[in-house]
Amino acid sequence: MHSNDFSRNIIIVGFMGTGKTTVSRLLSARLGWACLDTDEEIAKAAGKPIPQIFAEDGEAAFRDLESQAVENALSGERSVVATGGGAVLRESNRKQMLDRGWVVALTADKASLIRRVTSAAAGTRPLLAGDAEARVAQLLESRRHAYDFAHAQVDTSARTPEEVAEALLQGLPPGWL
Ligand SMILES: Nc1ncnc2c1ncn2[C@@H]1O[C@H](COP(=O)(O)OP(=O)(O)O)[C@@H](O)[C@H]1O
Ligand SMILES: O=C(O)C1=C[C@@H](OP(=O)(O)O)[C@@H](O)[C@H](O)C1
Ligand SMILES: [Mg+2]
């Protein structure tokens, strides 16, 4: 069915706090594939952490680095790719993802998202600076349909990361792996 590995990545999209980074690591360990997180690649390429990129260069510059990171992540060996929550905003990024693998959107209810993004690693998401709860509500509204393009969805609200990884694997088309 597939002539090479070029279109056979697993690509995880979803709102901030749905668990993309966490689940990508579990999946890559389980499958023995490389794991790439576009946020990590962006920070490496820029030589500074994401909040500093937003502060010094602005969101537009971050989004350009993000598009490059998406393209690079999907051009190498077969990988599990965790994207940042806003990577789906550009049509060209969405198209690349759909062309180069199985795209899974993680979802979670608002209360779970708020709990997760306000516990560990608070301050690492510049778009949630200030009143994080209000920002999550606003962004959830403006991104209401942003993740609908994915091939599959997995709700993470009542699942552990291990259970999310399992559900994601169960949702692959038969024979796809
Ligand atoms: N299924 C889950 N249930 C509970 N907490 C989770 C779950 N998935 C991730 N988390 C926690 O939520 C926070 C955000 O997870 P992360 O993987 O960074 O999300 P994302 O990359 O989608 O923003 C982390 O503290 C992580 O441990
Ligand atoms: O939703 C967004 O626009 C963003 C999500 C973040 O990634 P996570 O979704 O992994 O938190 C990170 O890329 C940046 O802070 C912007
Ligand atoms: Mg992440």
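This note goes through the predicted model from the whole chain down to single residues.

1. **Basis of the model.** The structure is a predicted model, in which local features need pLDDT of at least 70, side-chain atom pairs count only at pLDDT 80 or more, and totals for chains, interfaces and linings use all residues. Residues are numbered from 1 along each chain as its sequence is written, while chains are lettered from A and ligands numbered from 1 in the order in which they are written.

2. **Elements of the chain.** The protein chain has eight helices and five strands. Helices (H or I, at least four residues) and strands (E, at least two) are DSSP runs, numbered from the N terminus. Read from the N terminus on, the elements follow the order β-α-β-α-α-α-β-α-β-α-α-β-α.

3. **Overall dimensions.** The protein chain has a radius of gyration of 15 Å, close to the 16 Å that the globule rule gives for 177 residues, so it is as compact as a globular protein of that length. The radius is taken over C-alpha atoms, and the globule rule is 2.2 Å times the number of residues to the power 0.38. Along its principal axes, the C-alpha trace spans about 50 × 35 × 25 Å.

4. Of the 177 residues in the protein chain, 34% are buried. A residue is buried if 20 or more other C-beta atoms lie within 10 Å of its own, exposed if 12 or fewer, and partly exposed in between, with C-beta atoms placed from the backbone. Two residues are in contact if their C-beta atoms, placed in that way, lie within 7 Å. Among the contacts with a separation of 6 or more, 74% are between residues 24 or more positions apart.

5. **Helices α6 and α7.** Helix α6 (residues 110-118) packs against helix α7 (residues 132-142) at an angle of about 135°, and their axes are 10 Å apart. Axes are lines fitted to C-alpha atoms, for helices over the stretch in contact, and angles run from 0 to 180 degrees between N-to-C directions. The two helices are therefore oblique to each other; angles under 35 degrees count as roughly parallel, over 145 as roughly antiparallel, 65 to 115 as roughly perpendicular and the rest as oblique. The crossing of α6 and α7 is right-handed, a term that applies if the near helix is turned clockwise from the far one by less than a right angle, anticlockwise being left-handed. On the α6 side the contact is made by Lys110, Leu113, Ile114, Val117 and Thr118, and on the α7 side by Ala132, Glu133, Val136, Ala137 and Leu140. These residues comprise seven nonpolar, one polar and two charged. Here Ala, Val, Leu, Ile, Met, Phe, Trp, Tyr, Cys and Pro count as nonpolar, Asp, Glu, Lys and Arg as charged, and the others, Gly among them, as polar.

6. **Helices α2 and α4.** Helix α2 (residues 38-46) and helix α4 (residues 59-73) have axes that come within 9 Å and cross at roughly 115°. Their crossing is right-handed. In α2, Thr38, Glu41, Ile42, Ala45 and Ala46 meet Leu65, Glu66, Ala69, Val70, Asn72 and Ala73 of α4. The contact consists of seven nonpolar, two polar and two charged residues.

7. **Helices α4 and α5.** The axes of α4 and helix α5 (residues 91-99) cross at roughly 10° and come within 10 Å. This makes α4 roughly parallel to α5. Ser67, Val70 and Glu71 of α4 are in contact with Ser92, Asn93 and Gln96 of α5. The residues of this contact are one nonpolar, four polar and one charged.

8. **A buried loop residue.** Thr18 is located in the loop between β1 (9-14) and α1 (20-31). Thr18 counts as buried because it has 26 C-beta neighbours inside 10 Å. Apart from its neighbours within four places in sequence, Thr18 is in contact with Leu106, Thr107, Ala108 and Thr156. Thr18 and Pro161 are 143 residues apart along the chain, and their C-alpha atoms are separated by 9.7 Å.

9. Which class does Pro49, with 14 other C-beta atoms within 10 Å, belong to? Pro49, in the loop between α2 and α3 (50-57), is partly exposed. Ala111, in helix α6, is exposed, with 11 other C-beta atoms within 10 Å. Pro173, in the segment after α8 (161-170), also counts as exposed, with 10 C-beta neighbours inside 10 Å.
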